[in-house]
Amino acid sequence: MTQVKRSRYFVVSYGDEQVVDLGAFLRGRVEMAQGTHISAVSSLTEAAHRVTAGDLDLLGRVSSHEWVARSRLAADNGVPEAAVDALAAAGLLISDADDPVLRRLRQREESLRSSQWHPCASFYHLMAKNPDGLNKDGGKLFDLASVAAGSQDATDAFVARYGLPPAPFHEARGDGETVRLPMIDQQGGLYRALASRRTVRSFDRGTPMRSEDLATLLYWVFGCHGHTTLSKGVPLLGKTSPSGGSLHPVEVYPLVRNVADIERGLYHYRLRDHSLARIRPLEEWEAEALAIGMAAGQDFAAAAHVLLLMTARFYRNFWKYRRNVRTHSVILQDVAHLSQTLYLVCADLGLGAFYAAHDGFFVDEALALDGVEESAVGLAGCGVRPSGGMDYALDFVPYTPGETEV
Ligand SMILES: Cc1cc2nc3c(=O)[nH]c(=O)nc-3n(C[C@H](O)[C@H](O)[C@H](O)COP(=O)(O)O)c2cc1C
């Protein structure tokens, strides 16, 4: 006897749509009427499913922790068993049936629960996987011409449509007192790196990156520099960037395209012994196609000497914070710190670096990640700067507070 229970990992939303007015249609006229569609997005199937008000009514009568016989549920709600099966196939009901698809959905629900995913966090992570929303088709999302310095047309058209953005300088309301601060000249390497940090999106394809630079970068951005013990059996690692709870759930997978003495391929950076563990070698075309796909269609990523794919081992963080909706954002904040550290180390080494949007579906598939235990959370790239001018770079001129007019 097949039993079912309700999944905890779906979100229901209502949308408006134009539908053919059936009354008018029966009178021989084609008229459109306003309709409502309901969809349920499941973290188990990673897809949106059309549902009816009747389906929601049925789902509302099923417990998420107690099994109920599929036949009884159908009979009690006056629906055919096939309607219950459709909800199970959509990941909205969990079924104990011995079917490979339903078993996979059941295991995913168990895995989300046991690794302490909050339903809202899992929904947010799913929706953010593709920068274009829940569209697994990929495709080119960014018009590079619109970000390239000097190409004003696209921006002008954008402003014409949406108006101006809020002003860049903000003055908070206060009692009117201001304290002018002195400009302190700072010379050290850190300040030079801060001043020269820039997003670089074009690279010298003819010159390989030095393996020493890759080693420096990985050690000083992602490497382990110290350790301590929180309590028996709970060692913590010390790194150059801070991490919520000192748990460092972020892993890095370098896609090495053009580095001297290191074969082109996809690797995992192993902190324990500061080594690159190869996942698989890559042909040149394959490395470039992967880079573009991972960077959500942004083709400058293909020229980067190394792409750095950041993933999170979620339970490393959720272990401490348990089923808490906020800690997903804590992990993203860890990524942001790593990104800035990466920019600064690259600036110090004289390398170009970028942080960019990623396609989570694409990266998870390329790295064979399940999206529950581990999933993509960030993407950066770096490499040798081109000797001539740089494409796609904003051209900032110096600014002196209180003197320069903007
Ligand atoms: C969270 C974040 C996301 C970004 N995403 C992209 C992106 O998808 N594509 C891109 O070309 N640049 C991306 N950037 C880089 C910004 O465009 C860049 O930082 C900005 O233009 C300012 O230039 P600067 O870094 O040289 O100061 C991103 C930066 C951040 C911090």
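**Strands, domains and a ligand shell in a predicted model**

V20 stands opposite M32 in strand β3. This is a predicted model, in which local features need pLDDT of at least 70 and side-chain atom pairs count only at pLDDT 80 or more, while totals for chains, interfaces and linings use all residues. Residues are numbered from 1 along each chain as its sequence is written.

Biologist: How many bridges join β2 to strand β3?

Modeller: Strands are DSSP runs of E with at least two residues, and helices are runs of H or I with at least four, numbered from the N terminus. Two strands pair if DSSP finds at least two bridges between them. β2 and β3 (residues 32-42) run antiparallel, and the number of bridges joining them is eleven.

Biologist: What is the count of buried residues in strand β2?

Modeller: A residue is buried if 20 or more other C-beta atoms lie within 10 Å of its own, exposed if 12 or fewer, and partly exposed in between, with C-beta atoms placed from the backbone. Strand β2 (residues 10-20) has eleven residues and is hardly covered, as its count of buried residues is one.

Biologist: Why is C120 classed as partly exposed?

Modeller: C120 belongs to helix α6 (residues 119-127). C120 is partly exposed because the number of other C-beta atoms within 10 Å is 13.

Biologist: How far apart are the C-alpha centres of domain 1 and domain 2?

Modeller: Domain bounds come from an automatic or database domain assignment. That assignment gives domain 1 (3-114) and domain 2 (119-137 + 187-406). The distance between their C-alpha centres is 38 Å.

Biologist: Which helix gives the largest share of the side of domain 1 that touches domain 2?

Modeller: Two residues are in contact if their C-beta atoms, placed from the backbone, lie within 7 Å. Ten residues of domain 1 are in contact with seven residues of domain 2. The largest share of that side of domain 1, three residues, comes from helix α5 (residues 100-114).

Biologist: Which strand gives the most to the shell around the ligand?

Modeller: A residue is near a molecule if its C-beta atom, placed from the backbone, lies within 6 Å of it. Of the ten residues around the ligand, R198, T199, Y355, A356 and A357 come nearest. With three residues, the element that gives the most to this shell is strand β13 (residues 352-356).

Biologist: What percentage of the residues in the protein is buried?

Modeller: The secondary structure of the protein comes to 14 helices and 14 strands. Of its 406 residues, the buried ones make up 33%.
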